[in-house]
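Take a look at the protein shown here.

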Amino acid sequence: MNNKSLFSSIFIVLFIIFCVPLALSQEVDDENEFSYDVNSPNGPNNWGGMCNQGHMQSPIDIADERVETTSKLGVLERDYTPSNATVMNRGYDIMLRWIGGGGSIRINGTEYQLNQIHWHTPTEHAINGQRFDLELHIVHQSADEKIAVVGILYEIGSPDSFLLMIEPYLRAVAPTKGVELSVGIIDPRQIEFGSIEYYRYNGSLTTPPCSENVTWTIVNKIRTASLEQVLLIREAIQDETGANARPLQALNDRLDDWGYPNVDIDGADLVACPRLVGDVRLTNKKDDWGWNMEGHSVYSVKESKQWLLGPVNRDESYRYKWCKWLPIKCNIFMWRANVDRIPTMTALRRRNIVVGDGWCALCGEAEETTDHIFTACSVASGVWGGISSWCKISPLFMFSIKDVLQSSNHLDGSKTRKEVIYGLLILTCWCLWKARNDKIFNNREANVVQIVSDVKVLGFLWYSSRFKEGKVDWKGWCHFRVDLM
Ligand SMILES: [Zn+2]
Ligand SMILES: [Zn+2]
């Protein structure tokens, strides 16, 4: 080897060593120039590209009343294949990329290659005004560089099996921005869609430069992912807001289609149908709806108001005030707890179902009743101590679930503060119940600190994404600065 070729090979080696990481970090730096904080100078209102100029921007609120139902969309034809992939924390999200593509999807005759997937939390798209906890974006690109994204929405519940499979990789890249980690073969067929129905609309990328002409497909099913999985993705996001969901965009007369392919009805549906109408008895009388109130046969708003305020509904103990910033499942849970309809050991015994010794799974010191788990239990008292000191309120003395629900009435401060604390009381009961179930079904020891932390994190997640007055960042939330909003 003469000097000249030695020089050029060194040059090539150096070029490869120095330029590749440079290009990578540059890309990440550029992308990090945007923030999700609406008050920040590089926040969503000031994003560049098409973001504040386009008229077909994403995400949008998919409201049932505007959606047009059609069967012309056809089945989503997926032809995914297991392929080599990498995982990277881009600072604003975690992305899993198939290096040579992971197969394809076909939409209206066009083939789109599967390129990458990434997650947003909370969801970017809303259904009837409601955002959920996590959204997966499956990004595809056609030969002529058109983009098609499939979105799947999740709320907190049982773990998602695909996330479960790749969790170790996500954990590995979560703390470091911009490092692309090879993870071997990942099978995209393991991503469960969960429904053949979907919404279709024409939109844009949801991060700068927000390029338009993106074909969106939102699967019409809210799937579940565990709290731990959502937190894992959330912790990796390095945005100050702790979230990476772009605000909802104007519709500007775009019409959505709500599609379902023409397929045979599932066998299970056929079995379920007769069951639904099983209690219906047919007679030869004309169908009629009546206002079932003594002495009055005409329905009016006044009558119904009288009925609602009447003696039957006057029992305060059965009244439950809905918390508007918590998901429906928490509200339903609390409503049921309030009327003693959750399956505690004592409740099961009342129904002649014998389970264990009937003692509280959290403390093992007393019979498990609804009032015990949420107030008298030593684990619950520890949790309430933590919650009251975080919320800067005097220690809570409660003896029943009714006391819990009424505690926020006696607080001073703004209406917002009262509403936040009311929701946190419900959320605390929900987390106590979750810890109790974890102990019984998964033999996981209950831990006061962990339960308090779950309440804080879930509270932030739901409060900041579901409550329009809920403008608070994670730091402010930890100091409970809710009065300033
Ligand atoms: Zn996305
Ligand atoms: Zn107990």
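This is a predicted model: local features need pLDDT of at least 70, side-chain atom pairs count only at pLDDT 80 or more; totals for chains, interfaces and linings use all residues.

The protein has 485 residues, and 33% of them are buried. Its secondary structure comes to 13 helices and 14 strands.

Start with one helix. Helix α3 covers residues 227–236. Which of its residues are buried? They are Gln229, Val230, Ile233, Arg234 and Ala236. Looking down the axis of α3, these buried residues fall within an arc of 165°, so they line one face of the helix. An α-helix has 3.6 residues a turn, so residues three or four places apart point the same way.

Next, take a pair of helices. Helix α9 spans residues 378–390, and helix α11 spans residues 415–442. Their axes come within 11 Å and cross at roughly 145°. The crossing is right-handed. Which residues meet there? From α9 come Ala380, Val383 and Ile387. From α11 come Leu424, Thr428 and Leu432. By type, the residues of this contact are 5 nonpolar, 1 polar and no charged.

Now turn to the backbone. Most residues other than glycine have a negative phi, and most peptide bonds are trans. Some places in this model depart from that pattern.

Pro122 lies in the loop between β7 (110–120) and β8 (126–127). Pro209 sits in the loop between β12 (198–204) and β13 (212–225).

The loop between β12 and β13 also holds Cys210. Cys210 is not a glycine, yet its phi is positive, near 55°. Is Cys210 buried or exposed? Cys210 has 24 other C-beta atoms within 10 Å, and 20 or more count as buried, so Cys210 is buried.

Lys392 also has a positive phi, about 55°, although it is not a glycine. Lys392 is found in the loop between α9 and α10 (401–406). Here the surroundings are counted again. Lys392 has 13 other C-beta atoms within 10 Å, so it is partly exposed.

Methods
Residues are numbered from 1 along each chain as its sequence is written. Chains are lettered from A and ligands numbered from 1 in the order in which they are written. A residue is buried if 20 or more other C-beta atoms lie within 10 Å of its own, exposed if 12 or fewer, and partly exposed in between; C-beta atoms are placed from the backbone. Helices (H or I, at least four residues) and strands (E, at least two) are DSSP runs, numbered from the N terminus. The arc is that of the directions from the helix axis to the C-beta atoms. Axes are lines fitted to C-alpha atoms, for helices over the stretch in contact, and angles run from 0 to 180 degrees between N-to-C directions. A crossing is left-handed if the near helix is turned anticlockwise from the far one by less than a right angle, and right-handed if clockwise. Two residues are in contact if their C-beta atoms, placed from the backbone, lie within 7 Å. Ala, Val, Leu, Ile, Met, Phe, Trp, Tyr, Cys and Pro count as nonpolar, Asp, Glu, Lys and Arg as charged, and the others, Gly among them, as polar.
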